[in-house]
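Please look at the sequence and the three-dimensional structure below. The paragraphs that follow lead through the chain step by step.

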Amino acid sequence: MTDSRTKLGGCCAPTGRRSFLKRSTLAAASVMVVSPHVLGGPGKTPPSDQFRFAQIGVGGQGARDVRQMMRAGGTPVALCDVDVQRAGKTFCQHPDVERFTDYRIMLDEFDKEFDAVVVSTPDHTHAAIALAAMRHGKHVYLQCPMARTFDEVRRLQTAADESGLAIQVGNQGHSSLHMRVFDDFIKRGELGEIQSVHCWTDRPEWPQGMTATPVSSTPPVSLDWDLWLGPVADRPYSKGYLPTTWRGWWDFGTGAMGDMGCHLLDPAFTTLGLQLPRTVTADCETATSISYPVWSQVEMEFDSTNACPNGLKLTWYDGGKQPDTPTIIADETSGEPGYSAGGSGCMIVGEKMTLVGSTLSSEPDQMPQIVAVASGDDDELANARQAGRERVEQLSAESSESSKSHYEQWIRAAREGKSDSIESDRKTAGNMTQAALLGCIATRFPGQTLTWDIAKQSFAGSDEASSFLSFEPRDGHSFEV
């Protein structure tokens with residue numbers, strides 16, 4: 001294992017606490033060298049006025065999270081990544097920020113210098129890192145999905161409940177105007193009785209359906225492969241796992257449903273008050289023991305909620321599958337049937353009206369669309385749509401400049417010690433993540449209806465399916481709450 005404080009070359013290498021404290025002999029001589037961010041020098045904000053965060057995973061999404069956190073008012077004081085080449089650009093953009101490769105050393109040796117941790121790593125490491133941060137008393141912003149297995153999510157929820165720390169899940173679209181539109185229309189009863197929900201994505205963009213492990217090779221010198229594996233069992237490095245193809249393997253990712261479900265299921269779970277499904281049934285192609293299927297279609301049956309007194313059926317589609325267009329939907333431009341679903345979205349079908357939209361943060365300009373009413377009267381159809389558009393415009397105008405972004409909301413909650421003010425928290429996002437993970441397990445048993453026992457928190461009558469709800473981390477990593 002590479003020492004997390006070993007300089008591997010250039011300005012992009014992690015150097016640990018090089019500017020904070022000269023360790024051992026210098027410390028014994030009472031000589032400290034303190035970074036500017038610790039004292040707050042000329043032009044610097046003193047620590048008491050900063051929201052100081054450590055970023056774990058700084059390539060790809062992690063690099064974006066650093067930028068967004070800084071835009072929201074956060075100050076990065078530590079950067080950690082197991083691959084110094086992938087993290088190199090971000091490292092070099094912040095030359096005065098401490099760098100690490102092992103999050104455990106960062107938490108043990110440097111944790112007094114930051115208030116919170118942002119986790120932007122592969123799915124299989126989410127829970128171990130977030131739980132370790134919470135054991136150190138740190139608020140956590142956790143990229144979605146919350147974790148790779150059902151039990152890991154449960155442990156994260158328990159830790160959040162017991163600690164009172166602010167835990168925000170990184171489905172940024174949850175704090176968008178899109179979600180407010182969905183919520184407004186549901187609360188005002190504009191859709192009438194909810195009949196069904198359909199959520200879909202055009203992912204995976206990475207290989208799935210593999211039947212054999214990839215050919216092993218020598219890892220690049222910039223990557224600490226052992227640290228990348230984290231809590232998962234040791235195995236040889238392969239180019240077939242990195243940089244993003246890990247998403248298609250059961251041991252590392254959560255497939256298309258886990259990756260995108262926390263975005264696209266969000267409008268339904270948030271506005272309809274869905275908990276965990278009563279039953280889950282999957283249809284899919286080439287599900288294997290090591291890889292997620294090429295495509296899947298998963299049906300979930302939910303018990304009644306206030307918004308759905310008769311229960312609800314929700315269907316998930318990925319790998320190019322999409323919902324059939326309900327007969328009540330007509331294209332707004334031509335007036336002809338056949339509304340195009342697009343590459344991804346959430347469709348809530350009501351007896352009077354249907355909402356189609358997406359809470360993907362990458363689609364900020366695509367407002368939810370009022371696409372149909374159950375009426376044969378053209379004037380009534382046109383009036384309903386016009387009223388819907390005007391309501392969307394009104395909600396947009398009411399969304400003032402003071403509205404907080406997903407990142408700002410988390411920072412404010414952490415600063416004020418108000419963990420319950422977070423919307424995409426351990427409860428809402430946790431239920432949604434767990435439901436998606438139950439759907440992932442169902443693809444291992446295509447054609448079988450799996451029944452969820454809410455009391456026992458397992459699949460009724462299927463020990464085999466229940467065995468995929470959890471796993472034991474290897475030595476050196478912990479899921480302890």
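A residue is called buried when its relative accessible area is under 20%, exposed when it is over 50%, and partly exposed in between (1.4 Å probe, protein chains only). The model is predicted, so that local features need pLDDT of at least 70 and side-chain atom pairs count only at pLDDT 80 or more, while totals for chains, interfaces and linings use all residues. Residues are numbered from 1 along each chain as its sequence is written, and side-chain values use heavy atoms, with hydrogens and water left out.

The chain has 15 helices and 15 strands; these are DSSP runs (helices H or I, at least four residues; strands E, at least two), numbered from the N terminus. Of its 481 residues, 56% are buried.

After α8 comes Gly189, whose phi is positive, near 70°.

Rolling a probe the size of a water molecule over the atoms shows where empty space is left. On a 1 Å grid over the protein atoms alone, a cavity is a set of points where a 1.4 Å probe fits but cannot get out, and lining residues have an atom within 4 Å of a point. The largest cavity has a volume of about 70 Å³, a volume being the space filled by probe spheres set on the points, which are joined across faces, edges and corners. Its lining includes Gln208, Met257, Asp318 and Cys440. Helix α10 gives the most to this lining, with 3 residues.

Technical notes
On a 1 Å grid over the protein atoms alone, a cavity is a set of points where a 1.4 Å probe fits but cannot get out, and a pocket is an open set with protein on both sides within 12 Å along at least five of seven lines; lining residues have an atom within 4 Å of a point.
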